[in-house]
Amino acid sequence: MIEFQNLKKVYNSGGQQVAALDGIDLKINKGEIFGVIGFSGAGKSSLIRCVNWLEKPTSGKVIVSGHDLTALSVREIREVKRNIGMVFQHFNLLNSKTVFANVAMPLTLAKVPKDEIKKRVHELLEFVGLADKANSYPDQLSGGQKQRIGIARALATQPSILLCDEATSALDPQTTSSILQLLKKINKEYNITILIITHEMSVIREICDRVAVIEAGKIIEEGTVFNVFSSPKTPTAKNFVSTVMNDQLPDSIKEVIKKQQGLQKVFRINFVGNSAGQPLLSQVAKKFNIDFNVLFGNITELQGTPFGNLIVEFQGPDSEIRRAIQYISQEKVSIKEVTSRAS
Amino acid sequence: MLVNQEKIIEALIETVQMVAFSLLFSALIGLPLGILLVVTRKGHLLENTVVFNIINSIINIFRSVPFIILMVAIIPITRMIVGTSIGTAAAVVPLVFYAGPYIARLIENSLLEVDPGVIEAAEAMGATPGQIILKFLIPEALSSLVLGFTIATIGLVGASAMAGAVGGGGLGDLAITYGYQRFDTTVMLITVAILVVMVQGLQSFGNILSKKIRRR
Ligand SMILES: Nc1ncnc2c1ncn2[C@@H]1O[C@H](COP(=O)(O)OP(=O)(O)O)[C@@H](O)[C@H]1O
Ligand SMILES: [Mg+2]
């Protein structure tokens with residue numbers, strides 16, 4: 001649906017060359033919600049802006065719905081843009097126009113007949129839950145409402161791709177969540193491919209299917225959200241994952257481990273999917289001559305699959321514990337000993 | 001008082017005509033120039049350094065010549081266009097040379113205030129440069145444009161009085177020939193009062209209109 005091939009973008013600012021994108025190869029499939037995460041300045045906006053030609057790449061290719069944008073004329077690119085909606089961090093609505101006129105704008109530009117525009121805009125406002133705001137002005141709306149209008153506007157021409165550049169970064173957590181649910185609904189109901197750019201891992205966790213981590217203009221890690229969250233490889237990805245997984249041990253637990261070091265065996269067990277849950281532990285307790293004590297635990301849901309993190313203390317003979325660990329170590333469960341220095 | 005009411009009204013009408021016509025023509029010149037100044041600058045819609053630099057320099061040249069000198073300096077052009085360099089119609093020519101570049105700058109300022117994000121949204125929608133100017137830039141800047149035109153109109157009232165002093169007719173002419181040269185203080189005061197009321201009225205009208213457009 002969207003493909004970047006060795007994409008490079010170099011900015012020339014004040015005689016200095018800034019390589020914002022440094023050879024990006026990435027493929028986004030039809031119908032998926034794809035997230036790109038990175039720190040500020042990593043090149044996220046530059047990347048997403050190449051998809052609808054707000055930014056022209058220095059070299060490399062951008063292929064959108066089978067069209068190589070680098071080979072198209074300005075007029076042809078305008079046509080491609082009608083098939084791509086964009087949602088912005090700061091909404092970018094026209095303050096001089098009503099909500100209705102804002103949502104109608106892409107249709108007006110495309111010279112759609114008036115009565116058709118009217119029908120479509122009302123449908124869209126209904127869809128985003130703001131049918132009663134048609135005659136309001138943007139400055140009379142809250143941030144979340146403005147973003148809903150921005151989304152309605154982006155969907156006006158029934159695009160097959162939706163680009164979101166930090167669409168929720170200006171919103172509070174609760175509003176963010178409702179906007180993300182709306183995006184999910186759009187993806188499901190209209191089968192629109194969504195490319196999301198963000199610096200917030202919670203956004204990725206909540207709605208993305210796949211994710212790429214971008215750093216200094218390069219994609220340093222890529223995979224399903226599940227895989228990246230359960231086994232991040234790069235330090236940057238680990239860092240992002242830890243911002244939402246809350247798998248850091250509380251200090252009080254660290255204190256306990258430190259005091260009892262040498263006497264007890266403390267382990268971190270990560271559960272994935274159906275294996276997340278207590279039965280495994282109680283089985284272990286029954287099968288082997290050991291007791292267990294859960295010191296800390298949490299379960300996060302990733303794309304409908306539970307992902308658990310438990311800190312467990314085993315009590316019993318070393319040999320029994322070793323056998324128990326072997327039993328526990330299956331495909332979807334990982335177990336590691338925790339020392340007082342470990343987090 | 002050396003003049004009657006009729007004469008004052010006649011002068012007032014002349015001033016209004018001068019201001020109205022020169023405003024019309026300078027807007028016709030200033031508006032496109034102002035828009036070009038914005039869209040041809042670096043990183044904008046129709047970036048074109050050559051066009052930008054040419055327009056920018058021409059405007060600066062006209063803006064740096066004091067009106068009274070401009071008026072005299074372009075007499076040959078005035079003669080060419082109107083056939084004479086004296087009278088109300090002839091005064092309109094230097095007034096346009098004066099206010100056109102001024103309006104271009106005011107419009108440039110207003111359009112530059114428009115949130116770049118709005119233009120970006122327009123580009124993302126696939127709007128043509130013409131559509132961006134007409135459907136995004138101008139509507140978003142309208143309230144500020146109205147204030148700009150108000151300033152330009154008031155500027156023209158002042159300049160038209162000056163044009164009047166060198167044979168253009170109007171209130172300025174009246175004030176100089178009767179109020180100053182013949183020491184008629186009453187006429188002087190009346191013209192000043194009319195000008196003050198005119199400027200106040202224009203400013204209030206501009207403010208109200210601009211506010212109405214902004215809606216709050
Ligand atoms: N128009 C521009 N001119 C010069 N440098 C730019 C421009 N846009 C972005 N950059 C630079 O490119 C890098 C990547 O920017 P950007 O794509 O906006 O990153 P992000 O969206 O991840 O914060 C940054 O170093 C930024 O300063
Ligand atoms: Mg950005």
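A cavity is a set of points on a 1 Å grid over the protein atoms alone where a 1.4 Å probe fits but cannot get out. This is a predicted model, in which local features need pLDDT of at least 70, side-chain atom pairs count only at pLDDT 80 or more, and totals for chains, interfaces and linings use all residues. Residues are numbered from 1 along each chain as its sequence is written, and ligands are numbered from 1 in the order in which they are written.

**Cavities**
- The whole structure holds four cavities of 30 Å³ or more.
- Lining the largest cavity are 13 residues, each with an atom within 4 Å of a point; A:Ile84, A:Gly85, A:Met86, A:Ala154 and B:Met125 lie nearest its centre.
- Strand 6 of chain A supplies the largest share of this lining, three residues.

- The shell around ligand 1 includes A:Tyr11, A:Phe39 and A:Lys44, a residue being near if one of its heavy atoms lies within 4 Å.
- Helix 1 of chain A gives the most to this shell, with three residues; helices are DSSP runs of H or I with at least four residues, and strands are runs of E with at least two.

**Distances to ligand 1**
- Oxygen atoms of ligand 1 lie 2.6 Å from a backbone N or O atom of A:Gly41 and 3.0 Å from a polar backbone atom of A:Gly43.
- A side-chain N or O atom of A:Ser45 is 2.7 Å from an oxygen atom of ligand 1.

Notes
Heavy atoms only, no water. 1 Å grid on protein atoms, 1.4 Å probe; cavity = no way out; pocket = protein on both sides within 12 Å on 5 of 7 lines; lining within 4 Å. Points joined across faces, edges and corners; volume = space filled by probe spheres on them. Polar contact = N/O pair within 3.5 Å; in protein donor to acceptor, adjacent residues only side chain to side chain.
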